[in-house]
Each structure stands twice: as C-alpha cells, then as structure tokens.
Amino acid sequence: MRPVKGRSLWADGIRRLRKRNFAMICFGIVLVYFILAGIIFLDEVFNWNLKAFQWNEIVGPSYQAPMAEYTWTPEGQTESRTDWTLFGTDFLGRSTLRKTIYGAKTSVTVALCASFISLLIGVPLGAIAGYFRGWVDDVIVWFYTTLGTIPYILLVMAFAVVLRENAFGWEIRGITAVYLAIGLTSWVGICRLIRGEIIKRKEGEYVLAARALGCSNGRIIFKHLLPNVFHVIIINFSLRFVSFIHAEVILSFLGLGETDKPSWGAMIDAARTELARNVWWEMAAATVAIFFISLALNIFGDALRDCLDPKLRTD
Amino acid sequence: MTETNNSLLSIKNLSTHFYTEQDLVKAVQDVNFDIPEGRTLAVVGESGCGKSVTALSVMRLIPWPPGKIVAGTITFHGQSLLDKTEAQMRQIRGNDIAMIFQEPMTSLNPVFTVGNQIVEAVKLHQHKSGSEAHSIAVEMMRKVGIADPQRRVNEYPHQMSGGMRQRVMIAMALCCDPKLLIADEPTTALDVTIQAQILELLRGLQRTHNMSIMLITHDLGVVAENADDVVVMYASRIAETAAAGPLFENPLHPYTQGLLKSLPRLGAKKDRLDVIPGSVPSPVNFPSGCKFHPRCPIGKDKPKCQGDEPPLLEVLPGRCTACWFAPGYEEKYKEMQASPGVPGRCDAE
C-alpha cells in the first residue's frame, strides 16, 4: 500500500489559515507586491524592458497632475502629443506610477535581505544563549541588551553612514549598505524571542530522549529544538517585515538610502519641497503603497500567529 | 568483593547529589547492584526515592549544574563509565545502553515523523544510507508489533495512540541492538491492557536480542510478572535486593513487608487496606539513622534505628537488606566488623 503522507502540525495550521478569508485576501495583496518585485528584478537581470517598469522614461512635462490630460513635446521630437497619467509625473517628468511600482522592488528586496541578515545573527545567538545558559548566556544577553538600549533609528543611521562606501574593507553599493545597516541592528528582538523559546523547551523529555540516544549538543539545538520554534520565527518574520520596510523608507527619507533608483522614502523626501507647490501626488502614491502592504502584512501576520501558535505547542 | 564480575552492569557505592541554590539534595546514596547479561532487574520504590536518578546516572545524563555523581563506580562490560569522556559516552548512549521513558508523547519530537526519528537513531550510530536506514526503521516498527509499518512510518506522534508511541520509542531504543535497556516506568502512562502488551513485547525482545533490562517501576504487579531480580529503594538508599520469587515469598526489610501487605488481594475480606503510616521524607530533610524508622513498625521507637544508618549486607546468599532487625542481620554485621578487610557490600546475584 502506498505510504500515506502524515498530517503534520504545519498542515493543520495552514488548513486553519486557509479558512480565514480576510487573511487570505491580505496574503494575496502581499503576494502582489512580492510578485511585482520579482518581475522587476528579472526584468533588470534579463533586460526585458517591460513598459510598466521603465521608471526612468520621461512621460510628460514636470509635475503634471494625475488623471488630467496634457499636451507636450517629447525630447528630440517635433510633434506634440496628448497624454494622460494615472498618478501624475515628478519633477523630471517621469511617471509617478512607475516609480511607485519600482519602489515595491526596492522595499521588498531591502526588507528580505535585512530580514535574512537579522535572522542569521539573531537565531543562532539566541539558541546558543538559551541552550547553554551560564556565562555564554550572560555574555550574549549583555551584548544584545546594550545594543538594544541605543535608539533604533540612530543606530541604523550610524551604520548606514559608516557603511556607505565599504563594509569592513570591501567596497559595496549604496543599497547593500542599507541591507547591512538594517540587518545588523534589528536582530535583538528575534534573538530574545528564540532564547526564551529554547529555554522553555530544552528541559523537555524529547530533548532528554535525544541525549539518551547519543545526540551531541549542536545536533540537539539545530535539529531537534529549532524546528520546534520555526513557527515563532515565521510569525516574527512576517510581523517584522513591515518594520524593515519602514526602516528603509526612513533611511531613504534621510538621504541615507539608495539614491539612484526610486524608492518610496525618496518620494516622500522629495515631497517636502513639492507640497509647497501643491504637488501632492508623489507623496500620496508612496504613502498609499506603504499603507497597503503594512496593513495587509500586519493582518496576515496576526492570523498566522493565531493559526500556528497554539497547536504547535507540545501537549 | 573484588572477584571478577561477569555481570553486564555493576554499580558500586553510587552516590548522586544535587547542589541546588537552597539545599544539598542527596538523591542517591551508596547504591549497589549488578545486572547480569540477559536478565531483568526491577528497581522498585515510591516517587522520589531515587530510581530515575540512578538510571540517569548510569547514562551520565545528570545535568551539572546542579547534579553530580559524587562517589561510586559504574562498570559496563568491564569498562568504567565514570571515566569516559562525553564523546565516548555519546557513542555508548543509544548504541550499547538505551533508555525509554515514561511519557511517550513528550519523548517524541512533535515536528518529525516517527520514521524520521527512528532513522535518526539508526544513522547516529551506524553508517547506513538514507534508504537503508528507512528500511531498517520499517523493519523495527514491524518487530515491535506495529501493524502496517509501511504506512505508519510517515505518521506524526500526535496521530498515534499511547501504546503505539511507546512501541516507537522501543523501536528507537532497540535499533542499534543495545546490550542494556533502561526502561523508566515504560507503562505507567498506559492503560492496563496495553501495559501487558508492552511488557510482553519487552520480554520477547529480551529473549531474541539477549538483552538485559533495568526496569524502573512502582508497580509490584509488574515486578512480579517481569523481573528476575529486584532492588527495593527507599529515600535514596537500597532497602533490599533479592531475586523476584524469594522477595515476594519472604521479604526481609520492613518496608518491603509493608508494601506487600498493602497490596489488595482478590477474595480477601478486608474493611480497610493496610498502609504504611506517614509519608516519604523529603530529600532535603531525611530522618537520622535508618531513613525508614519513623514509619517502621519495628524501628519506630528503637534508639538503634534512630541513631545509626544500617549498611546493606548480604544476610542470605543472593539476598541483601539494610535493617538492624532483619533475620540474620546482627550476625552478619558482627562478622563484617570482625574482619574489616572483607567488604560487606552486597552484590545482587
């Protein structure tokens, strides 16, 4: 008889999540952003040059209002055209809509890379601190407590400035400085969380049983304990993702982010002078984009926590 | 006795203490027993008497802090286990000595399939490829009596019943053919019919694998059915050791006598069951002298029992006890005093 696939606790959780329609809609919205980011990334790598992503193309004169017709002569041509934009144009006449879409790619990639960096640092440190306790725990807790007392924005700014041109000796692009700055300063929360979860679980009987089988400490931490806290990592990831997007926006707003590609933060930054001239659409577009992904991810993250948390506990 | 011992496991004068923040807890004191090859030794006692700590001491799984083996020797297959490094002990655990626990639900990792966990047990100690390990896992599940193992190998622990999970634990423990299986109350969490099946399974596997079993339990019925030899523990010390039959026929220690008397008997007319008055002393506050004396019908008011701790002596061939007033104890004690060179410590036969 064909072996039946076991019904894991994950499958249970996912099944319960599917039933929550509103959460699934939010997931869909988040997915749209990710897919956009992915397509833009591929577009740049493979040079497909899809129309929607040509953010650098001048589509009209400077500061055209959204959904209003205008007539203009493109550079290098003599004939005038009548055009119409959904979200208006910016100072250089580029499409705000296209820039907003491109901003999704910037934000998603920064948030993803920063998430991975912070997970890569926070999870192992937290696991080691929680498992071994004693002086190892003391050192790691001292370290992250100290780091955590420095106000987050100031810390990120400091890292972004220092890492501007090179990181620890290697030359890097501006955007990498952003990933590193955010990632290297945001691991404290997940570290604390994982440490707590490991402390909770390390006296469990299956840990003792694994030791009785002859497992080494490293194997117990990474193969036995961490899979039991995956759900915590995933929930934390989905809820923190939004804060990484916000961090990138703030950095760009302060001029420390990527300057040569569009990003939502840069658009909001530019709005400082634009609003005086009644040009509201740049800021509105960026704000709306940020609003939807923040809201969607928060709702989805909440639903994820409800569905995964109680059942995956051992009882 | 320093004669060459052909026992598989030999424990002498084992003491394990826990140094907690408030107190020193002497969980196991001066424990001596042997387990020969292919035999089942039952370690009996109430909760908190030190049975589990003894078993964990053998496996060197006592966490430091706060616990520490402070004295004694543990010899397995002629080698001292207390001298081994942690890496050497990891080779032995699961491989030569295996352990199964009381609660099968919490002893299995909830996020992995049972097949995955048995495969891990195999791969830890044997060089087998993934598919070889998988077929060994299925075969082990068949051996422990799980029906349709091909299908069940992909199930998760929460999808199985208690008896099934315990069988999986036994499969994990036995897959590397250990010489000694330590079973810490393996059936306490199961209902009686399943209990009988699991114990029968263990007896059968013991015969086919020629394995010794150290069976920790508080159930004298289980002892009567399954044990060859018995060690009765009370308050961190051994009260009595004997072969199973003689223990039930003729208990020497008042504690054992009290335990057997309190067992309800089918057909006997009784208004109230006999009890041992009082309760087990707290390990941070043991009574002076013989630890059982406050509850003992013989030693309650005797100054000798209040004052001195009786050592474990072999009063009859193969039978040891630690009671000043056990038959034959006085003479044996005088003998031991007279010739101090001969250690009077007792080894279970």
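1. Beyond its neighbours within four places in sequence, B:Ile35 is in contact (C-beta atoms, placed from the backbone, within 7 Å) with B:Ser7, B:Leu8, B:Leu9, B:Leu41, B:Leu180, B:Ser212 and B:Met214. This is a predicted model: local features need pLDDT of at least 70, side-chain atom pairs count only at pLDDT 80 or more, and totals for chains, interfaces and linings use all residues. Residues are numbered from 1 along each chain as its sequence is written, while chains are lettered from A and ligands numbered from 1 in the order in which they are written.

2. B:Ile35 sits in strand β2 (residues 24-35) of chain B. Strands (E, at least two residues) and helices (H or I, at least four) are DSSP runs, numbered from the N terminus. B:Ile35 is buried because 26 other C-beta atoms lie within 10 Å; the cut-off is 20 or more, with 12 or fewer exposed and partly exposed in between. B:Ile11 is 24 residues away in sequence, with a C-alpha to C-alpha distance of 8.7 Å from B:Ile35.

3. In chain B, helix α4 (residues 114-125) packs on helix α5 (residues 130-143) at about 115°, axes 9 Å apart. α4(B) is therefore roughly perpendicular to α5(B) (65 to 115 degrees; under 35 is roughly parallel, over 145 roughly antiparallel, the rest oblique). Axes are lines fitted to C-alpha atoms, for helices over the stretch in contact, and angles run from 0 to 180 degrees between N-to-C directions.

4. In chain A, the axes of helix α3 (residues 96-132) and helix α9 (residues 217-253) come within 8 Å and cross at roughly 145°.

Technical notes: Two residues are in contact if their C-beta atoms, placed from the backbone, lie within 7 Å.
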